[in-house]
Amino acid sequence: MDFGDEVQKVYCWISHIGSLGLKVLWHFLHFIVSVWFLARQAAYVLESCFISSGLLKRYEALNLGNLRYLAIVIESEEAHQIPKVIELLNWLATIGVKHVCLYDNEGVLKKSKEAILEKLTDATLFEGVDENNLLLDQEHITLEFASISDGKGAVTKAANLLFMKYLKSADSGGSSEESIFTEPHMAEALKAVGCRGPDPDLLLIYGPVRCHLGFPAWRIRYTEIIHMGPLKSMKYGSLLKAIYKFSMVHQNYGT
């Protein structure tokens, strides 16, 4: 065996050892991450149980003064779990949240609103309430149902309404200032087409992804957003903790 064969043999041996070492390192890191994830999930479940049982006293007295309107965004596949949605709404009513917007992209919750309302006591639809008195009503839980059609589709309808209004104004010899519209004009147009609800103070997302899933962007300019995980894994303690954390946040809106 010549010197070249010896070098090649040593090189193959080193490559084999290196490959084996990388595999061992990868499995070790995978094990560490898995243990960390399981420990985090266990801590999450235990904390939720402690909060639900009342052992953590700081969660007992919630200041809901800043939570005038709450939005719940649910991934459309999970939105078919209507019993879970009803359970979530009952939890919110128990906590003291009175005004809720339910949103899913495909409008599953909209189609099921009669079934949801049947299972809730003292629940009213947002459409049937005077918006000026909405936030003053503390006797009922008020529900708004929204979907993707209240997003881009609503903007299109509102823009068409404004266009027709200002086209009519131009034909009648109106001033050029009347052809300029601002955010309040857009809000008024959205309200006219039935797609303008209050801006939520807090938005809770139930689903696998961390995004608002098409919830109308103009309504969440100053909204606090929290991802809650899958709807099937929801826990009362986690909901209480999310609302408690929001109640402790000081929001600066600027000028």
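Analyst: Two strands count as paired if DSSP finds at least two bridges between them. Keep that rule in mind for this predicted model.

User: What makes β2 and β4 a pair?

Analyst: Strand β2 covers residues 99–103 and strand β4 covers residues 141–146. Five bridges join them. The rule asks for at least two, so β2 and β4 are paired. The two strands run parallel.

User: Which residue of β4 stands opposite Leu102?

Analyst: Phe145 does.

User: Why are β3 and β6 said to stand at the edges?

Analyst: Look at the strand order, β3-β4-β2-β1-β5-β6. This is an open sheet of six strands with parallel pairing. β3 (123–125) and β6 (224–229) each have a single partner strand, so one side of each lacks a neighbour in the sheet. From one strand to the next, the twist averages 25 degrees.

User: Which residues meet where α2 and α8 touch?

Analyst: From α2 come Leu88, Trp91, Leu92, Thr94 and Ile95. From α8 come Tyr236, Leu239, Leu240 and Ile243. Eight of the contact residues are nonpolar, one is polar and none is charged.

User: How do you know that Arg68 and Asp201 form a salt bridge?

Analyst: Their side chains meet at 3.2 Å, N to O. The cut-off is 4 Å, so the pair qualifies. By this rule, the count comes to three salt bridges.

User: What does the Arg68 and Asp201 pair tie together?

Analyst: Arg68 lies in the loop between α1 (3–53) and β1 (70–74). Asp201 lies in the loop between α7 (183–192) and β5 (202–206). The pair therefore ties together parts that are 133 residues apart in sequence.

Methods
Residues are numbered from 1 along each chain as its sequence is written. This is a predicted model: local features need pLDDT of at least 70, side-chain atom pairs count only at pLDDT 80 or more; totals for chains, interfaces and linings use all residues. Side-chain values use heavy atoms; hydrogens and water are left out. Helices (H or I, at least four residues) and strands (E, at least two) are DSSP runs, numbered from the N terminus. Axes are lines fitted to C-alpha atoms, for helices over the stretch in contact, and angles run from 0 to 180 degrees between N-to-C directions. Contact means heavy atoms within 4.5 Å. Ala, Val, Leu, Ile, Met, Phe, Trp, Tyr, Cys and Pro count as nonpolar, Asp, Glu, Lys and Arg as charged, and the others, Gly among them, as polar.
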